[in-house]
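Dear colleague,

Please find the structure below, followed by notes on what was found in it.

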Amino acid sequence: MSLASIIPAIAAAQSGGGASGSIFGMPPQASTIAPFIDLVYDLITWISIFFFGIIVVVMVYFMFKYRRTTHVADTEGPTHNTPLEVTWSVIPLILVIAMFYVGLKGYVYITTAPENSYQIQVTGQRWFWTFNHPNGASVTNVLQVPVGRPVRLLMRSDDMLHSLFIPAFRVKQDVVPGRRTELWFEATQTGDFDLFCSEYCGTKHSQMVGRVLVFEEDEFQAVITDEAEWIKRVPDERLYLAGTKFFNQCSSCHTLDGSKLIGPSFKETHDLLKSGGTRTLADGSTVKVDDEYLRQSILRPLDRIVATFPSSMPPGIGTQLGPTKVEAMVQFIQRLDETAPGGKLIEMSRDEIIGTAPEAE
Ligand code: CUA
């Protein structure tokens, strides 16, 4: 029997409107593999509960039946009982082999993506996720996928060990520096689901969270096309506003109000830029804070570490953003008094940024 054929069957039998079939407090089942994982989990848990119950009951019974009383003479106990020993060895052996077999089959299934999968490149870095689609769309912390179609994630890390975890899909995979890992899933319902980094990766590990948005195929195509195209529709003179949409990639390390996090505050950088100031680098040299300094600091962040700050910025971020978005970020910092007046990021929709929204006229 092949598990590939059983898993969809279990999914069909157990999918009660996406609610979890498990009584053990599982999240909703939103992928084809979820009912299978829950079934294995439930089975192992019930077997454990069953044996725990039997052992405790017998143990308590024996405690009373064979308790030491004053007028009993010591006797030699039995040394061994072959049929009993064979029984208590063979039954658990069969049970654990069965668990291993089911686990192995499930593992092979979950690590072998179907041929026709939709592929997304995933990059984990301190402390956000980047999802790159085949059409060029690059999205931070939001994984957009179609429903009812296998999705394959090809994953790499820019710095250290992370782990991508989507509880509702019951999938989780380490993202390891210097290695490519992958996982796949097929969402069974549209909606909005949690996505976590589940491997401690430093100070802001707990904020390395995202969403999974599952769309109907048509809507998915529209959404992902817009992700790839919208920045091209922003007029040059409004590009600085687009930076407000990419700041979330910077926000775990850089603030807008001057307070200090992992890296220098954008407010401080902006003020130095306006006053034509300089910055002292970790190697003791000083550098003038100008547009080119900003650009280079995004493109090659590890070349110019500011004194007293750690060398933490993901080196690949400039490449991921691409030239237009890097320019948007440079202009965003240049005009920080407009993009984040009083240290507070302005909220604008994409249409407002492009200038097509009625209220932006
Ligand atoms: Cu990335 Cu924890």
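Which helix gives the most to the nonpolar patch? Helix α2 (residues 34–65) does, with 7 residues. Helices (H or I, at least four residues) and strands (E, at least two) are DSSP runs, numbered from the N terminus.

This is a predicted model, in which local features need pLDDT of at least 70 and side-chain atom pairs count only at pLDDT 80 or more, while totals for chains, interfaces and linings use all residues. Residues are numbered from 1 along each chain as its sequence is written, and side-chain values use heavy atoms, with hydrogens and water left out.

The patch lies on the surface and is formed by Phe50, Phe51, Ile54, Ile55, Val58, Tyr61, Phe62, Tyr66 and Ile91. Together these have about 910 Å² of accessible area (Shrake-Rupley method, 1.4 Å probe, only the protein chains shown counting as cover). Isoleucine 91 lies in helix α3 (residues 82–111) and counts as partly exposed because its relative accessibility is 43% (buried is under 20%, exposed over 50%, partly exposed in between; 1.4 Å probe, protein chains only).

Threonine 123, in strand β1 (residues 118–125), counts as buried, at 3% relative accessibility. Beyond its neighbours within four places in sequence, threonine 123 has contacts (heavy atoms within 4.5 Å) that include Trp129, Arg156, Asp158 and Gln320.

Strand β10 (residues 209–215) runs parallel to strand β4 (residues 142–146), joined by 5 bridges; strands pair if DSSP finds at least two bridges between them. Leucine 143 has valine 212 of β10 as its bridge partner. Strand β9 (residues 191–197) runs antiparallel to β10, with 6 bridges.

Regards

Key. Patches are made of residues with over 30% relative accessible area and no salt bridge: like charges are joined within 9 Å, nonpolar side chains (Val, Leu, Ile, Met, Phe, Trp, Tyr) within 5 Å. A salt bridge is a side-chain nitrogen of Lys or Arg within 4 Å of a carboxyl oxygen of Asp or Glu.
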